[in-house]
Amino acid sequence: MLRTEDILSTIRMVRQEHLDVRTVTLGVNILDCASPDITQACEKVRQKLRRCAMRLVPVCDDLSAKYGIPIVNKRLAVSPLSAVGAAHGEAGLLQLARALDAACEETRIDLVGGFTALVQKGFTEGDHALLRSLPRVLAETQHVCASVNVASTKAGINMDAVLLMGELLREIAHATAAQDGFGCAKLVIFANIPEDNPFMAGAYLGAGEPECVVNIGVSGPGVIRRALERALQAHQQLDLGAIAEEIKTTAFRVTRVGELIGREVAEALGAEFGIVDLSLAPTPTPGDSVGEILQVMGIAAIGAPGTTAALALLNDAVKKGGLFASSSVGGLSGAFIPVSEDSALGAAAAAGHLSLEKLEAMTSVCSVGLDMIAVPGDTDARTLAALIADEMAIGVMNNKTTAVRIIPVPGKRAGERVSFGGLFGGSTIMPVRECGAARAFVERGGRIPAPLHSLTN
Amino acid sequence: MSQEVVISVLTPDRVGLIAGVTQAIYAAGGNICAISQTVLQGYFTIILIAAVPDECTPEQLQKAVEASGRAGELSVLVRPRRRGALPMGPMPSGDRFVLTMSGRDQPGLLARIAAYLASRGINIEDLAAHTDGGRFLLMGELTLPAREDVRQVYIDLEALVPTPDAVVTLQHINVFVATTEIGFRHRSVLSPRACSERKTY
């Protein structure tokens with residue numbers, strides 16, 4: 001029997017604490033759309049996405065009304081375009097990206113991920129073509145998101161790819177200079193890329209995934225912040241163990257909502273249900289911030305000593321609560337710390353409390369990595385590559401996913417403001433120390449070998 | 001042989017009421033089959049179904065139960081339970097939703113809400129409401145016929161409480177079950193057809 005307090009508690013989470021489903025991401029296999037004729041391949045992609053995804057938005061709207069839970073984003077993740085378009089070169093891949101863009105318009109879907117290359121151990125012709133096409137694709141399409149996996153625990157770090165990504169970041173930033181380098185916000189560089197991640201810009205449909213699968217990203221951090229505030233108001237002397245318990249309980253409830261809706265979306269679409277991603281994904285809206293959770297826990301200046309420990313507690317408690325709620329947990333499943341998308345992190349960066357180095361340390365205990373960080377437009381490609389290499393090393397050595405989504409803002413310097421709008425937010429441009437000092441290291445190229453603990457068989 | 005009877009009792013609450021009522025039924029040779037009891041702002045009410053011997057008439061049982069309390073304390077009603085179909089209209093089949101409403105209290109508000117629900121064929125399965133300092137809070141479980149558009153029902157209910165501070169929610173019951181019950185499994189997890197029918201993309 002439902003208790004009155006439980007009903008009111010759930011309603012409070014929805015109405016006052018912004019409990020929502022952050023994203024319903026439909027994964028669609030488009031490997032069967034490959035064709036020797038690029039026009040035919042594009043048409044097959046559009047037709048398949050229309051067939052699989054046309055009902056995604058109306059189904060989500062119906063379920064949102066039925067359960068009284070907002071579903072914020074409806075997205076697509078497709079098979080890696082480096083494979084689908086391998087035979088068609090740079091120009092063909094641009095055409096395929098436009099076909100994805102058109103499919104999003106037709107189905108009223110926000111974003112599509114899967115303009116992806118997996119190059120942790122080396123490049124194929126298709127990978128090369130996809131990487132070369134990135135500046136134009138990210139400048140000339142609205143909905144297409146790209147990802148490149150340059151490292152894995154099993155393969156090590158492909159430093160040739162890392163260096164190339166440093167160069168490409170600058171090219172993409174220049175190609176989208178009128179939007180302050182916004183194209184870079186639609187590109188994620190990964191170590192150990194997950195195959196079932198529902199969050200953008202890094203979503204794609206991995207090789208082991210079903211033909212058509214629904215993956216869910218659960219609610220943002222606002223619910224957990226309010227739960228902690230309430231607990232601390234009731235018991236001011238809560239210790240950190242009790243705080244972790246409160247986070248676990250809230251994560252349990254949030255995850256259950258995600259799985260409930262995800263399974264019903266899948267059933268309505270005739271698709272498989274995949275996973276719930278437990279990641280706490282902030283938005284620029286005050287009150288929906290991972291940084292604010294850290295502040296409620298007692299970190300007055302985010303970036304100060306203690307920040308990493310607080311984040312580790314948060315990340316672990318969210319996972320434990322979520323894992324108890326669902327047996328289908330996957331994706332990234334950790335706290336995101338995207339600086340421009342999180343009002344408290346952005347403020348800490350602007351105040352000088354939060355540095356790139358501290359952010360890097362924080363990424364060793366959470367997902368994903370150096371995320372949505374604006375850096376000076378004149379940061380050279382070798383330095384960008386070195387930043388990527390550091391973050392990849394954390395992922396490879398700790399057997400976890402890490403990623404870099406960094407935006408060199410053309411014509412702007414450290415301390416200036418940049419705004420990307422909407423969910424991408426805005427922030428103060430962060431300084432990069434010792435630019436160029438790792439040039440000789442990254443130019444050596446080759447592959448940093450896989451760590452000893454990759455040999456597990 | 002035995003017969004089934006429906007017994008209801010209404011009285012100001014005190015310790016020992018259920019003990020007295022159930023003892024009286026037992027002493028009359030009865031066996032209790034189902035029971036529901038609540039206390040509302042100091043008033044105790046209970047409804048129960050009992051199997052009693054054929055020779056025990058409803059009037060005798062009513063007197064026995066009344067005698068379990070103080071003189072004039074219990075208002076007791078006993079009726080034979082009708083076997084077979086109950087004299088009611090067809091009950092709607094559909095999903096269960098939880099309705100909550102709060103706002104400034106107005107005379108006739110509950111009557112308007114109930115009349116609207118009845119007009120749409122929406123059955124009230126459970127209902128509780130109370131007022132406090134001029135405000136009301138209502139919470140109920142409804143069965144919405146499958147044909148009903150939950151969005152329209154929500155809009156209509158919201159229009160019934162036009163005060164600016166009114167809050168109305170209408171959500172499928174599974175949200176509350178999922179967020180509160182550890183053992184909750186959504187039906188599609190266990191449904192065998194979920195596997196066989198998922199090839200329609």
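Author: Chain B is divided into domain 1 (2-80) and domain 2 (94-190), with bounds that come from an automatic or database domain assignment. The C-alpha centres of these two domains of chain B lie 32 Å apart. This is a predicted model, in which local features need pLDDT of at least 70 and side-chain atom pairs count only at pLDDT 80 or more, while totals for chains, interfaces and linings use all residues. Residues are numbered from 1 along each chain as its sequence is written, and chains are lettered from A and ligands numbered from 1 in the order in which they are written.

An open sheet of four strands in chain B has the order E6-E7-E5-E8, with antiparallel pairing. Strands (E, at least two residues) and helices (H or I, at least four) are DSSP runs, numbered from the N terminus; two strands pair if DSSP finds at least two bridges between them. Strand E6 (123-132) and E8 of chain B stand at the edges with a single partner strand each, so one side of each is left without a neighbour in the sheet. E5(B) and E8(B) pair in the antiparallel sense over six bridges, and Ser102(B) stands opposite Val167(B) in E8(B).

Chain B also touches chain A: 23 residues of chain B are in contact with 25 residues of chain A, contact meaning that C-beta atoms, placed from the backbone, lie within 7 Å. Among the elements that give two or more residues to this side of chain B are strand E5 (94-104) and strand E8 (167-172). The largest share, six residues, comes from H5(B).

Methods. Two residues are in contact if their C-beta atoms, placed from the backbone, lie within 7 Å.
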